[in-house]
Each structure stands twice: as C-alpha cells, then as structure tokens.
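Visitor: I would like a close look at a single part of this structure, the place where the two chains meet. Could you walk me through it and then show me what lies around it?

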Amino acid sequence: MKIRLTLFLLIFTSFVKGQEANDLLKKVRGKLEKVNDYVASGKMRTNVIFMKVPVASIKVYFKKPNRLKIKNESGISLVPKGSISISLNNVLTADGYTAIDAGTAAIGKTEVRVIKLLPVDDNNEVVLSTLFIDPVRLLVLKSKTTTRDNGTYELEMSYNKYADYALPDKVIFSFNTKEYKLPKGVTFDYDDGSEKKETNGKPKKGKVELSYSSYIINKGIDESIFK
Amino acid sequence: MWKLLQIELFKIYKRPRTYISFAAVLAIVSVVQIALRYDGQSYIGFMMSGLSDTFEFQNEKVLNGYLVCFIILNTLLIHVPLLVALIAADAVAGEANMGTLRLLVSKPISRTQLILVKFTASVLYIILLLLWMAVLALFVSIMIFGTNDMVVLRNDSFHQMQVNDVLWRYFMAFAYATVAMSTVAALSLLLSVFAENSVGPIVATISIVIVLTILSEMNIPLYDKTVKPWLFTSHMVAWKGFFYVKSTEDGETIRGSVENLPAITRSFSILLGYIILFTGLAVLSFNKKDILS
C-alpha cells in the first residue's frame, strides 16, 4: 500500500510540475505571439579565435513562424550557422516537445525557472533545449540548445525597451567553431616571424553579440527578404 | 646625369621587349578577371571552405574588386620578377652584345655613374609597370566587381577590413612592391655586368628567384630560422603585411592598423640592404671590368 502511495505521489508531483512548466511556457509563448514580424537594427560583434572582423551594422528580419534573416546592408557579415535559434520563437512555438521542470537557478540576481524541452520525434535535429525563464517578467533570459550535428548553441538575452514583446536589446549567441586551416601553398602567406597560437584541433567556442537599437514590430515584411 | 638617364629611358622605350612585360601583365590580369567574373563563386567557395561549415556568408559580396586585385597580385608573385629581369638584365649585357658598351664607357662619364643611371632607369621602368598593374588589377577590377569589405585568408586566420580601410593599403603595397622589384632589378644588373649577352643574366635571375621563392615557401624547420629570414624572396611578399590587421581582444578589427609593422619595416630594410649590396657589387665589378666588346 505504501509503495503504491509513494508511486502515486511521485507521478502526481511530476505531472503537476510538468503542468506548471507547460503553463509557464504557454504564458511566455503568449507574449511572443504578439509579434508577427519585426525588423531590428543593430550592431553585430563576432568573437572567434581565428577571426578579425569589424563590427557590422546589421538588420535582422523575422517573420512567423520561424523565418529569420540577418543582413549586413553595406559590408560582409559572417553569420554563424544555426543562428535561426537567435529567435526564441523557433524553440517555443514548435510543437512536439515535452516540457520538464528542472527546478530553479539564478542568472545574476534573478531567480529563474529551468525548463527542459525534449523533442518527441527521435530524428529531430534538436536533441535538447534548456530554457531559463524569469517567471515574473515572463522572459527567457538564457537558452541552451544541443543539436545532433552542430554541437551546442547558447543564447543569453537582456531586455529593456521591448520587454513587453519579449524582444531582447542584446543577444549573445555562443556556438562551436571548427579548426580553421588553409594550405600554405594556397595562401602564400608573408611570414612576419610572429608567434603562432597553438591549436589542439578541438572545437572552440565562438561568440556573436547582437545589440539592437530599434525594432519595427508587426509592420509586415516582404517574402523576398528571406530568399 | 639627367641627360644620361633620359638616354637610358629612351633605350628602354625603343626596345620591343619592354612592351612584352606590359602585354604579359594585361594578359594575366585579364585572364584572372574573366575567370573570376564567370566562375568566381566556386573559387570563393573553395577559399572559404574552411569557414563554410560554421558560417553563412554572401559569396557575391566577398568577391569584389579589392579581393580580385589581391588574388591577381598573388598570382603575379613569380611573374613580375621575370618581367623586371627582361629589362634590367639587358642593361649592361645588351650593350656588350650590341658592341656599344666600349663606346659608352669611352664617354666622359664615370662607370659608377653609368651603372647608377642604368639602375635608376630600371627602377623607373618598374614604377611604370606597377602603375600599369595597379590600373588593371585594382581600378579595372573595382570597375568590374565593385567594392566592399575585403577579406584576406591566411593559413590560420581570417582578416576582414572595412571597405574604406582598404585603398591606402594598396598604395602602401604597391610602394613596397616597387622596392621588392628593385631588388630583382639590382640582382639582374649585377649579373648583367658579367655577361656578354642578356640571355644569361635573364635566365640566371629567373632561376635564382624561382629557387629562393621555393625555399621561402617551404616549411622545413632547418631553414625556417636560419636561411629563410635572410632570403630576399622571403621579404618580397611583405607587401601582404599591409593587409594583415590588428584586432582587439574581442577579435574586432582595428581600423587603419597593420598587424606587424616592425616586421614589414625590417623586411623593407633587408631589401634595401640587398639593393645596396647588389648595386654596390655591380659598380665595383663594372669598374674593374676589362671591356672588350
């Protein structure tokens, strides 16, 4: 009898917790759903060990459900693959996930709820997503997405002016980079005698920081932008 | 001295082989430009293959006039010294071959002056050739491909410069190339002093440049620290140093910066040293030479 009761309590508790996680996700999703499309202007800083890249003035185009394009109107911008996850809508509006409440954690001084999303489909490219949600403001402050082929992406977001739409002012996108090497016979480098950084061939972390200065929300975006 | 220089320049101007170099540069530059115009995307795809696993980028923006000029200058790495040798190696040996050298030295001018004037004429020819190359490789490429940020791919790093931070680098690179090519001219002139016709010094200069370039590009630890730093061919490619930029700790390109300016200055000094050495030896040898032709 005791075993049955314990089992019942365990199942009931996890069901309630799962339900709470789903409720919280639903509220966050509700906030995100206010945005059908946006055009954000801002600056993009790329920090990858082997790259020297200027700060780029960019425009980010988003359209529901999960279409995202980063464009550098004047110069060349290198956008990390998987940057689609820069948009939270991609994770949150997708169906076919099981939400698991993983307790609480702290990001800075804010106590956040940790929710793990497991895809129902075994063949999904995303293996696991972990969201760190501010339950008071209903905002995702951090997310970690582990993919089958492209390693783990991490997003850190801070909000200010556009918090009502759950649109961040700053996004830090961390990703894995592969080792970069070109044959010397191709590049004919000038050897200036400077010491070369040793690499061990293992993947390194790269970062892209997007600082948005303004958003134009729900004004419609032409489809041709995403081609 | 000025009159003498004018005569030397007139000789270069009258020699048909002078125009071979200009035609060759036109041919090489045009071939590369046509190839990149019609199949540049696959070339960029190949060059950027190390990044395409991690990043998405617009190939059409990467392939612009600035990058095309950089690619052309890379392909001309071997060829231009050969074109310079065609003229510089002919300076003394050509006169000997035609039988005008004895006549020339019988004039009331010193042999030192004569060699220095011939070297100066070769340098002026180099300047004209590089200007021609700049017009074709840089300005025509800009007209065909437009301008945008420039990317430079090194063996182990990727450098990106903003569009308005590139042109001055080309001016510096072409100025540096003039010094680099003058080193080849000085070598040719030196070899020319010992020959009775120009074929020998031309072939000798080309052979020396090829052998030393191969040595400079080989990665053999034995040579890396001992021989390579002293080969003039190792320093001839220092013009590329103007396209290697400094960055902040966060990897942000510093506008107007050069990654290792002291190294370029050192390379420049070494080339100047070689020019003085080769020209000095040419003057010495020519002064001692028993001129029979």
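This is a predicted model: local features need pLDDT of at least 70, side-chain atom pairs count only at pLDDT 80 or more; totals for chains, interfaces and linings use all residues.

Let us begin with the contact as a whole. Chain B brings 50 residues to the contact and chain A brings 37 residues. The size of an interface is often given as the accessible area lost when the parts come together. Here chain B and chain A bury about 4,100 Å² between them, and 51% of that area lies on carbon and sulfur atoms. On the chain B side, three residues stand out: Thr54(B), Phe55(B) and Asn155(B) supply 17% of the area that chain B buries against chain A, more than any other three residues.

Next come the polar links. Across the interface of chain B and chain A there are 16 residue pairs in polar contact, with both residues at pLDDT 80 or more. Several elements of chain B give two or more residues to the side that touches chain A, among them the helices α2 (17-47) and α14 (261-288) and the strands β2 (150-153) and β3 (158-161). By residue type, this side of chain B divides into 17 nonpolar, 20 polar and 13 charged.

What about charge pairs? Side chains of opposite charge can pair when their charged atoms come close. The count is 18 salt bridges over all chains, and 2 salt bridges lie between chain B and chain A. In one salt bridge, Lys52(A) pairs with Glu259(B), and their closest N and O atoms are 2.4 Å apart. This pair crosses between chains, from Lys52(A) in strand β2 of chain A to Glu259(B) in the loop between α13 (232-236) and α14 of chain B.

Strand β2 of chain A also takes part in a sheet with chain B. The sheet is open and has 3 strands, in the order β2(A)-β3(B)-β2(B), with mixed pairing. Its edge strands are β2 of chain A and β2 of chain B, each of which pairs on one side only. Between the chains, β2 (residues 51-52) of chain A and β3(B) pair in the parallel sense over 2 bridges, and Met51(A) stands opposite Phe158(B). Within chain B, β2(B) and β3(B) run antiparallel and are joined by 4 bridges; Val151(B) has Gln160(B) as its bridge partner there.

Now for the helix that called for the definition. Helix α9 (residues 111-145) of chain B has 35 residues and reaches 49 Å from its first C-alpha to its last, close to the 51 Å expected. After α9(B) comes Gly146(B), which has a positive phi near 75°.

Finally, chain A has strand pairings of its own. Strands β6 (residues 97-107) and β7 (residues 110-119) of chain A pair in the antiparallel sense over 9 bridges, with Ala99(A) and Leu117(A) as bridge partners. Their hairpin has 2 residues between the strands, and Gly108(A) takes a positive phi near 65° in it. Strands β7(A) and β8 (residues 126-134) of chain A run antiparallel and share 5 bridges, where Ile115(A) has Leu131(A) as its bridge partner.

Notes:
Residues are numbered from 1 along each chain as its sequence is written. Chains are lettered from A and ligands numbered from 1 in the order in which they are written. Side-chain values use heavy atoms; hydrogens and water are left out. Contact means heavy atoms within 4.5 Å. Buried area is the accessible area (1.4 Å probe) that two parts lose on being put together, summed over both. A salt bridge is a side-chain nitrogen of Lys or Arg within 4 Å of a carboxyl oxygen of Asp or Glu. A polar contact is a pair of N or O atoms within 3.5 Å; within protein, one must be able to donate a hydrogen and the other to accept it, and residues adjacent in sequence count only if both atoms are side-chain atoms. Ala, Val, Leu, Ile, Met, Phe, Trp, Tyr, Cys and Pro count as nonpolar, Asp, Glu, Lys and Arg as charged, and the others, Gly among them, as polar. Two strands pair if DSSP finds at least two bridges between them. The expected span of a helix is 1.5 Å times one less than its number of residues.
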